[in-house]
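Please examine the structure shown below. The briefing after it describes how two neighbouring elements are packed and sets them within the whole chain.

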Amino acid sequence: MGRSSKSSRAKQRVEPQLFSGKSGQKRGGRSPGREPRRGRSLVWVALRFSFTLAFLGGLSLAAVFGYVWFTLDKQGLLKIPDREPGVMILASDGSVLAEQGSFNGDAMRIADLPDYVSNAFIAIEDRRFRSHFGVDPIGLLRAMYTNYRSGRVVQGGSTLTQQLAKNLFLTADRTIERKLQEVVLAVWLEHQFTKDEILQLYLNRIYFGSGATGLEKAARVYYQKSAAELTLPEAATLAGVVKAPSAANPISDPQAAADRARLVIQSMAEAGFITPEVAAAAIERPAESKTVSFLSARNFVVDWIGEQLPEFVQDYQQSLIVETTIDSSLQGSAEQAVNKELNAQGSKLGVSQGAMVVMDGSGAVLAMIGGKSYRKSQFNRVTKARRQPGSAFKPFVYLAALEHGLTPDTVEIDEPVRIGSWQPENYRKKYLGPVALETAFALSLNTISVKLVLQLGPEAVIAVAHRLGITSPLGNDASIALGTSEVTLLELTSAFVPFSNGGYPVSAYAVTRIRTRDGRTIYERNGSGFPKSVNDNELYGMNRMMRLVVTDGTGTRAAFPGFDIAGKTGTSQDYRDAWFIGYTSELIAGVWVGNDDNSPTKKVTGGLIPAMIWREVMEPAHRGLTPRPLPGEALVAAQGPATVSDAQYDQGAAEEPAMPPEQEQQSGTFFERLFGGFSRKQHKPGKNKGVSAYERMMHARDDEP
């Protein structure tokens, strides 16, 4: 019995199973409820694993975000930087000559724009701009997929906010650290500003090519209008420029710009910003840029003023308003005259360049033309080009002579002169014999000028030139008599100002006041100027001689009726430079023509193109002004001749060929016609014992009851 039960238990013994469920299944049995519990367990494990990963990932992201955030905060980057201060330059009448930089801060307001303008940028740059939090995960994944399929980077995942963050705060480095900083800053921007404020910041700071930063500037550069006036095709074109300002530039590559604009318009239609019909119509009428190829010569003035700003303002954080002496009307007149004469005569006479500056008696620059075309050459030939002035330098020689006791009536012998191997000659290689200084000056006789330097010494002439305003180094030899030392047009014209204003040297200037945008004055021109440097007697003598240059000498083409005019022509060796510096009691102007490569012209002298330009500008500039005699008072009455005979002129004129027939028929100057006397062409040889026309006017005035 015992044995039987033991055997029975042995038969029933089963080996322990690790998985009882499987054992049961093998035996054909199933335990109700076992499998659902196992399924729930696996789902729970998966969920727990996912939550853990998400938590750890979020924690990591938060740690990275926090690290980048606090790093940026410590660097002081979490502040919207101001736009670079701008400069507005005003003419004397308050009109704007130029505006550089971001003078008005955010020049464009989103509220002022048509919806299609801002939507054009959103459609092509960041279609989900209105809905994302600064970073667009969908756009990022799409860009990654597109780039993967293309095998190269063809699409960016940065949002508009990220682009703004990069432009405001970061460099263009392509590193993971910079990308993380961009993301953090984008989120911060979204937290700090509304969508419209972010879009406005973006549009006012993005670069559009052609020197235009900001939408308002771009609209004016490409279409000559405000951003608020842009049409749909124009807005689409500008939105398309942003990605590649050089490649899709409407000026340099209109076709590429049009292709890019078409893509923008199609994107706007796909995003629902415009209807397909509107899109089709916009594509059929692409925008055309309306830029001008002509750049005004006022840019020469603007550049010159810009170079001086550091002298007046060392550092500025606000935009500046610079008030100047520039006369807008006179500036335009001078530019027109220079281009007119160079276009009409430059080619046939071998002249390619010209420059002009107009000043008043205080040294204020009223107009400045630094060259024929600012677009082709920004080099300012008024302030930077040093050229030989030729006979235009002789006033300093003659003033030194007057200060040493000579007078306009002093007689010198016009004859050949030799200094070692150098033998200066007159223009026509003829000599007049005994001749008064006044006549020698009017005819620009080289031999007399050289003789005066030999008598006085070059040091005396150099001292006079420097005293009147010449700042360039001057050669200390006899050749200084013929203007062989190089000077700029600005300093030479400035040195003539004392002959006009009563003997007071000046320093040329254009800036009168500088103030900040909020009205605070940070510079204002003041001071009494330089002391008198030319006495009245010598001043009278110089004006008497330089008056004769215009009435009867080499500068007759500069004459116009109604005003007392004086000046001096100048022509350098081989006709490389031609000058005329002339003045009245109101205005002084200097003109130069020549070639940048210093090649000779076709015998152009100071009495030709320069004198003609001078008259074209100065005659209208004097309309409405009251004529006044030039300053100076003689201690001894004039005794010698004050007109130049035909024979003297034809034999001795150092610069000027015979007058053309149409000018030979003129009946003399205004003063000669009014008070009698002879013009140069009316004068008969042997009858040159009268005084000048101006002196006859003064005598007639004195004889009036």
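This is a predicted model: local features need pLDDT of at least 70, side-chain atom pairs count only at pLDDT 80 or more; totals for chains, interfaces and linings use all residues.

Residues are numbered from 1 along each chain as its sequence is written, and side-chain values use heavy atoms, with hydrogens and water left out.

**The whole chain**
- The protein chain has 25 helices and 12 strands, which are DSSP runs (helices H or I, at least four residues; strands E, at least two) numbered from the N terminus.
- Of its 705 residues, 50% are buried, meaning under 20% relative accessible area with a 1.4 Å probe, protein chains only.

**The pair H9 and H10**
- The axes of helix H9 (residues 215–223) and helix H10 (residues 232–241) come within 11 Å and cross at roughly 115°; axes are lines fitted to C-alpha atoms over the stretch in contact, and angles run from 0 to 180 degrees between N-to-C directions.
- H9 is therefore roughly perpendicular to H10, a term for angles of 65 to 115 degrees.
- Leu-215, Ala-218, Ala-219, Tyr-222 and Tyr-223 of H9 are in contact (heavy atoms within 4.5 Å) with Glu-234, Thr-237 and Leu-238 of H10.

- H10 is largely enclosed by the rest of the structure, because 10 of its 10 residues are buried.
- The buried residues of H10 include Pro-233, Gly-240 and Val-241.
- Their cover includes helix H4 (115–125), H9, helix H11 (254–270) and helix H12 (276–284).

Terms used. Angles under 35 degrees count as roughly parallel, over 145 as roughly antiparallel, 65 to 115 as roughly perpendicular and the rest as oblique.
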